[in-house]
Amino acid sequence: MADQHEQDPKDPTRRDFLNTVTGVVAGAGVVAAAWPFVQSMNPSSDVLSKSTAEVDLRGIKVGESKTVAWQGKPVFVMRRSDAQIEAMRKSPGGKDPEPDDKRVIEPQWLVVVGLCTHLGCVPSRKDEGWFCPCHGSAYDNSGRILHGPAPRNLEKPPYQFVSAEKIVIGKA
Amino acid sequence: MGRIVEWLDARFPLTAFLKHELSEYPTPRNLSYWWNFGSLAGLVLVIQILSGIFLAMHYKADSTLAFDSIEHIMRDVNYGWLIRYIHSTGASAFFAVIFIHMARTLYYGSYRAPRELMWWTGQVLLLMLMATAFMGYLLPWGQMSYWGAQVITNLFRATPFIGDQVVIWLRGDFAVGDATLTRFFALHYLFPFLITGMVMVHLVALHMVKSSNPSGIDLAAKNNIPFHPYFTVKDLFGVGVFLLIFCAFVFYSPNTFIEAENNLPADPMKTPAHIVPEWYFLPFYAILRAVPDLLGGVVAMAMSVMIFAAMPYLDRSKIPGGARHRPFFRVLFYVFAIDVLVLTYVGMKPPEGVLIPVGQVATFIYFGLFVLLPFISKKEEQWLRARGLPPELQALVASEEAQRALKKKGAL
Amino acid sequence: MTKLRIRWATILLSAMLSGGVYASSEAALPDVKIDTSSAHLKNGAVAILNVCTLCHSVKYVKYRSLLEIGFSTAEVDTLRGEKPLDEPFLAKLQPESARKVFGMVPPDLSDAAKTRKNGAAYVYALLTSYHEDAQEHVDNKLFPGIKMPDPLGLSVELDPARKVKLDQRAKDIAAFLQWSADPRAAERESLGVWVLGYLAVLTFLLWLVKRRVWQRLKAEGVG
């Protein structure tokens with residue numbers, strides 16, 4: 001508020017105090033009123049509920065990889081054969097070495113985010129792994145980058161087994 | 001801080017503008033609380049624009065998605081229910097504030113010279129507000145939304161020769177449908193910004209002719225006080241009282257202004273038993289129904305809103321000001337106010353029984369008052385002069401007559 | 001003078017509004033208080049899922065929402081079985097079969113309690129107004145000719161203890177539908193206390209500031 005009329009000799013401090021208190025209270029109210037509007041832009045409850053995805057593992061055949069949606073991203077859920085598990089155990093990986101057993105909870109099941117760590121394209125299933133058509137990155141059956149421009153292995157999302165036949169992605 | 005302001009001042013007249021138009025702006029010291037409603041209208045405009053934009057982030061203007069998107073806002077969006085209720089309550093608050101603002105202007109004669117342009121820009125603002133509210137009401141795509149829009153767009157059928165084509169053109173379809181909804185959403189989003197522009201014209205006009213005051217007489221300069229701090233704090237206090245009432249509705253009675261039937265999704269195959277517009281349209285709706293002929297009813301309804309524009313010319317008294325010094329005018333005002341309340345009641349009920357003649361009589365009185373005003377204002381002036389004017393009026397009337405005489409001389 | 005005018009305007013206005021903006025055609029609704037506390041909401045939800053969703057959908061309520069009315073995660077898992085948490089309450093009766101049997105699709109119930117005035121009381125009244133007429137046909141006093149068969153069996157129930165139980169169930173169903181129509185009511189009302197309290201304080205402060213500024217006018221007159 002302008003200070004032009006502060007000639008009042010009566011009680012300048014009391015006036016300032018009242019003005020200040022009122023200003024602070026009003027200001028706090030403006031901030032508090034803005035809060036619901038700001039919050040309304042955050043994900044709504046139906047979007048948040050998609051922060052986890054249940055996957056029924058029955059129906060995925062040995063050697064088959066199923067793609068499910070989680071938080072708007074594709075996730076590869078692959079049922080590996082004993083031979084494939086064995087091969088992945090033996091190999092250290094490629095550009096980004098990582099032991100296979102650190103990348104799975106149950107060795108039979110591989111769960112990785114299906115986005116190439118280069119620029120985000122979705123790799124396609126090819127031979128014993130995945131191949132990204134955009135710039136030629138190749139991944140093995142553990143989702144590890146073998147060669148190509150991608151720097152890192154396919155991302156491991158948080159997930160857990162709620163039963164032998166069901167996993168929930170998004171909850172560790 | 002001071003340096004920044006200096007830099008700005010050399011390039012943009014901000015401080016000079018604020019000083020002249022806000023801080024020092026001379027305002028009559030005797031303004032009552034009835035003068036708070038202009039600033040309140042501005043506040044509600046801001047509230048509606050803010051809540052509207054945040055609703056538009058979630059709303060879907062498609063006939064198959066609209067109703068569901070409102071449910072999504074009410075149930076899933078964080079504080080969506082609050083923003084929605086603010087917007088629906090705000091629409092009613094806007095009309096309540098505007099009607100009181102208009103009543104103040106009529107009662108105190110603030111529409112009279114030199115404020116005619118303020119009154120007419122206000123008239124345009126009222127029309128734009130009504131259009132905005134009408135289009136906004138379709139958006140939830142409930143039963144009342146759909147059928148209200150169907151009935152009112154049908155009225156344009158009364159247009160001579162091209163009536164049917166006009167209705168189809170308005171709707172974009174043979175009946176109210178998806179095409180109507182999409183365009184109403186586009187325009188409902190646009191209009192508030194046009195309203196904002198017109199409000200600025202309204203305020204520019206105000207700053208030239210300055211505020212009227214309860215005495216109806218433009219006071220001498222010595223009776224003016226600077227707008228800041230006197231009326232800034234008075235307006236802020238008024239805002240506090242308004243928000244208390246507004247939030248009481250938003251938090252404790254939000255469904256008062258949401259017609260129960262509108263919680264049913266629109267069904268083009270089934271008309272509700274009673275089609276009722278929102279309360280602020282009820283008097284005009286009653287006038288529409290009072291005339292049995294379609295074109296006649298539409299003309300009557302349009303005239304009932306437009307006739308306000310003629311007020312500066314219908315009021316022919318040379319006694320300045322409004323009801324304070326003019327007892328006949330005061331009676332006309334109160335009769336008009338009661339008549340509008342009667343019309344509101346008639347508008348909300350189904351048109352049957354005694355309400356039909358009541359509505360017709362009330363419509364007749366409504367227009368009758370405007371028609372009578374030129375004669376009554378003249379008669380009243382004669383009567384007041386015969387009784388002797390109070391001193392403050394005498395001087396003013398005398399000086400105005402002298403001015404008019406001078407002008408006549410100059411023109412010859 | 002102005003105060004008198006305001007008082008008259010308020011009296012007139014409230015007399016008008018109480019005349020009933022939403023003129024209801026049934027004046028015979030029972031004066032019943034529907035208790036929407038958690039226990040009743042839960043019972044109502046179970047009744048809805050067991051009985052009503054045979055024919056009616058409640059499509060804006062998801063299994064996930066049951067967590068909001070007091071069910072534990074385990075209880076919700078039992079209620080939903082194989083269905084995902086995000087599944088809404090859908091009717092088991094398919095629309096084509098519904099049209100064959102009833103001539104119409106039973107309306108969705110999500111907003112049933114707010115599509116008419118006193119909606120929750122209406123739901124309760126409807127469920128408890130079934131009776132057997134002289135020809136031993138079951139009909140509804142509140143809605144004669146209703147196509148919905150007596151869902152709770154109150155029209156043929158003879159055991160008084162069971163009748164009381166069914167009556168309570170009808171109230172619980174009404175309570176759940178009241179919640180379903182306005183799931184944020186509790187939060188809204190509690191937030192309202194804070195908002196109105198804050199505004200009362202702020203308005204009081206603004207009044208003090210206004211009064212103090214205007215007293216300057218009386219004191220000296222302003223140049």
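Domain bounds here come from an automatic or database domain assignment. On that basis, chain B of this predicted model splits into domain 1 (28-217 + 224-258) and domain 2 (276-412).

**Two domains in chain B**

The centres of domain 1 and domain 2 of chain B, taken over C-alpha atoms, are 24 Å apart. Contact between them involves 23 residues of domain 1 of chain B and 22 residues of domain 2 of chain B. On the domain 1 side, H5 and H6 of chain B are the elements that give two or more residues. H6(B) gives the most, with six residues.

**Chain C against chain B**

Here 32 residues of chain C are in contact with 30 residues of chain B. On the chain C side, helix H1 (2-18) and H7 of chain C are the elements that give two or more residues. H7(C) supplies the largest share, 17 residues.

| Contact of H11(B) with H14(B) | nine residues | two residues | no residues |

**A helix crossing**

Helix H11 (residues 282-290) and helix H14 (residues 327-348) of chain B have axes that come within 7 Å. The axes cross at roughly 70°. Angles of 65 to 115 degrees count as roughly perpendicular, so H11(B) and H14(B) are roughly perpendicular to each other. H11(B) makes this contact through B:Leu282, B:Pro283, B:Tyr285, B:Ala286 and B:Ile287. H14(B) answers with B:Val340, B:Leu343, B:Thr344, B:Val346, B:Gly347 and B:Met348.

**Nonpolar cores**

In soluble globular proteins, nonpolar side chains tend to be buried together. The largest nonpolar core in this model has 64 residues. B:Leu40, B:Phe94 and B:Val97 touch the most other members. Several helices of chain B each supply at least two residues of this core, including helix H3 (37-56), helix H5 (80-107), helix H9 (178-209) and helix H10 (227-252). Helix H7 (185-220) of chain C also supplies at least two.

B:Leu40 touches B:Val97, B:Gly238, B:Val239 and B:Phe242, not counting residues up to four places away in sequence. A second, separate core has 33 residues. Among them are C:Tyr63, C:Leu126, C:Ala170 and C:Ala181.

Definitions and conventions:
Residues are numbered from 1 along each chain as its sequence is written. Chains are lettered from A and ligands numbered from 1 in the order in which they are written. This is a predicted model: local features need pLDDT of at least 70, side-chain atom pairs count only at pLDDT 80 or more; totals for chains, interfaces and linings use all residues. A nonpolar core is a set of buried Ala, Val, Leu, Ile, Met, Phe, Trp, Tyr and Cys residues joined through C-beta atoms within 7 Å. A residue is buried if 20 or more other C-beta atoms lie within 10 Å of its own, exposed if 12 or fewer, and partly exposed in between; C-beta atoms are placed from the backbone. Helices (H or I, at least four residues) and strands (E, at least two) are DSSP runs, numbered from the N terminus. Two residues are in contact if their C-beta atoms, placed from the backbone, lie within 7 Å. Axes are lines fitted to C-alpha atoms, for helices over the stretch in contact, and angles run from 0 to 180 degrees between N-to-C directions. Angles under 35 degrees count as roughly parallel, over 145 as roughly antiparallel, 65 to 115 as roughly perpendicular and the rest as oblique. Ala, Val, Leu, Ile, Met, Phe, Trp, Tyr, Cys and Pro count as nonpolar, Asp, Glu, Lys and Arg as charged, and the others, Gly among them, as polar.
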